[in-house]
Amino acid sequence: IVIAILFYLYYFSLRKKKIPRTNSLYTDALNAMVNGDLGNAIGLLKQVVKQDSNHVRAYLQLGNILRKENPEQALKIHQSLTVRPNLPRDIQVDIHTALAEDYRFISNYKKAIEEAKLVLAIEKRNLWALNFLINISVENQDWEEAIGWTKQLQKVTGKKTSEDEAKFDVFKGLDYLKSGDFEKAKSQFEKGIKLSPDFPPSYRYL
């Protein structure tokens with residue numbers, strides 16, 4: 001009996017050494033990502049989720065790496081995480097952040113905006129989501145939305161800079177430019193230059 005117990009303990013200790021703990025593997029994967037060794041990072045993350053299917057952060061990082069080469073697969077991985085119950089708020093934020101980036105990558109701006117708004121529904125003062133919505137609005141040339149989100153960002157940060165005010169004028173000027181009202185567009189760009197002489201877009205569009 002003693003020999004059997006000793007043999008069991010010896011075998012168990014060897015097995016423990018052979019299978020690295022998921023936390024150690026995950027840390028190695030993050031280090032590989034930092035070093036740009038994405039192939040190794042993917043392999044390590046796959047080992048993590050194979051050993052622990054509840055390791056949500058490993059799935060998140062795996063999807064983030066795959067986004068560039070296989071955006072549809074990244075989207076599937078991140079979508080599968082939304083149905084998991086009782087996730088902490090910070091992980092919920094990370095999931096919807098990843099999904100917003102996935103949708104933006106495949107140019108599905110409507111869905112990207114929805115996901116960013118879900119982030120704000122969880123964290124009203126989330127700076128990433130507000131900046132993301134501003135950038136999406138600018139990409140879509142939706143200047144009124146861009147102004148609205150910029151104002152909300154100012155409320156959250158408590159900072160109102162002359163550059164932000166100039167940005168409003170550029171957005172409004174671009175709106176006039178789009179509709180063919182060149183005089184009003186010119187007036188807005190000149191106003192932007194007065195407010196913030198070092199803000200390049202005012203000069204560019206003028």
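**Exercise 1.** Find what share of the contacts with a separation of 6 or more joins residues 24 or more positions apart in this predicted model.

*Solution.* Contact means heavy atoms within 4.5 Å. Among pairs with a separation of 6 or more, 46% of the contacts in the protein come from residues 24 or more positions apart.

The model is predicted: local features need pLDDT of at least 70, side-chain atom pairs count only at pLDDT 80 or more, and totals for chains, interfaces and linings use all residues. Numbering runs from 1 along each chain as its sequence is written, and side-chain values use heavy atoms, with hydrogens and water left out.

**Exercise 2.** Compare the radius of gyration of the protein with that of a compact globule of 206 residues.

*Solution.* The radius is taken over C-alpha atoms, and the globule rule is 2.2 Å times the number of residues to the power 0.38. The rule gives a value near 17 Å, but the protein has 24 Å. Next, take the spans of the C-alpha trace along its principal axes: about 95 × 30 × 30 Å.

**Exercise 3.** Locate N86 and Q141, and state the phi and exposure of each.

*Solution.* Helices are DSSP runs (H or I, at least four residues), numbered from the N terminus.

- N86 lies in the loop between helix 5 (71-81) and helix 6 (89-105). Its phi is near 55 degrees, a positive value in a residue other than glycine.
- Q141 sits in the loop between helix 8 (127-139) and helix 9 (143-157). Its phi is positive too, about 55 degrees.

Most residues other than glycine have a negative phi.

For exposure, apply the relative accessible area (1.4 Å probe, protein chains only): buried is under 20%, exposed over 50%, partly exposed in between. At 78%, N86 is exposed; at 42%, Q141 is partly exposed.

How values were computed
Helix = DSSP H or I, 4+ residues; strand = E, 2+ residues; numbered from the N terminus.
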